[in-house]
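Here are my notes on this entry. Please read them with the structure open.

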Amino acid sequence: TLEDFTMGELTFSIIKPDAVANNKIGDILKMISDSGLKIKATKMIHMSKTQAEGFYAVHKERPFFGELVEFMISGPCVVSVLEGDNAIKRYRDLMGATNPADAVEGTIRKAFGAGIEANACHGSDGPDTAKVEVSYFFSNLELVN
Ligand code: RTP
Ligand code: MG
């Protein structure tokens, strides 16, 4: 299994369509690297509606679900797997608050987020979701080195 090949914790990251459209891929990957998290795998994708609905299935009863899916398919994203001790919490701290208006200086959302929806990035919120999200977009072959 994946765990057999992994040092530290894995988390899953999306550079969302707003940040890709604004040419922030490099800046965001640099912030991730500078934070000490290791980029274990990364690729650009453009999700289909079905793929985005599947990814955000946990939010399907939320009022913003339809809009969120439309936003996530509005352009390409960069999906990555990050690795490190306590990677899930460290990456959420680096992203900052969901609403960029509440995000502190030095975070990705403070630097590049435009609003509650176009907030530049996604990061897994716990070990179970990290596992599901990594395997939603990456095969073991893309992760093992
Ligand atoms: P993410 O899942 O993207 O890492 O963000 P999060 O945990 O900070 O936020 P979450 O509550 O999981 O919401 C997922 C994404 O849905 C959009 N959102 N829109 N219109 C709204 O009120 C609203 N609330 C959330 C955001 O893009 C958020 O990242
Ligand atoms: Mg979330």
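1. A salt bridge here is a side-chain nitrogen of Lys or Arg within 4 Å of a carboxyl oxygen of Asp or Glu. Keep in mind that this is a predicted model. By that criterion, the structure holds five salt bridges.

2. Glu83 belongs to strand 3 (residues 77-84) and Lys40 to strand 2 (residues 38-45), so the bridge ties together parts that are 43 residues apart in sequence.

3. Now the ligand site. Ligand 1 is surrounded by 15 residues. The closest are Lys16, Thr98, Glu117, Asn119 and His122. By class, the shell splits into five nonpolar, five polar and five charged residues.

4. Which strand gives the largest share of the shell around ligand 1? Strand 4 (residues 121-123) does, with three residues.

5. Next, the polar contacts. The side chain of Asn119 places an N or O atom 2.9 Å from an oxygen atom of ligand 1. Backbone atoms take part too: a polar backbone atom of Glu117 is 3.0 Å from a ligand 1 oxygen, and a backbone N or O atom of Gly123 lies 3.1 Å from an oxygen atom of ligand 1.

6. How much of the accessible area of ligand 1 does the protein cover? On its own, ligand 1 has 560 Å² of accessible area, and the protein covers 82% of that. The space taken by ligand 1 is also the largest pocket.

Definitions and conventions. Residues are numbered from 1 along each chain as its sequence is written. Chains are lettered from A and ligands numbered from 1 in the order in which they are written. This is a predicted model: local features need pLDDT of at least 70, side-chain atom pairs count only at pLDDT 80 or more; totals for chains, interfaces and linings use all residues. Side-chain values use heavy atoms; hydrogens and water are left out. A residue is near a molecule or strand if one of its heavy atoms lies within 4 Å of it. A polar contact is a pair of N or O atoms within 3.5 Å; within protein, one must be able to donate a hydrogen and the other to accept it, and residues adjacent in sequence count only if both atoms are side-chain atoms. Accessible areas come from the Shrake-Rupley method with a 1.4 Å probe; for residues, only the protein chains shown count as cover. On a 1 Å grid over the protein atoms alone, a cavity is a set of points where a 1.4 Å probe fits but cannot get out, and a pocket is an open set with protein on both sides within 12 Å along at least five of seven lines; lining residues have an atom within 4 Å of a point. A molecule sits in a cavity or pocket if more than half of its atoms lie within 2 Å of its grid points. Helices (H or I, at least four residues) and strands (E, at least two) are DSSP runs, numbered from the N terminus. Ala, Val, Leu, Ile, Met, Phe, Trp, Tyr, Cys and Pro count as nonpolar, Asp, Glu, Lys and Arg as charged, and the others, Gly among them, as polar.
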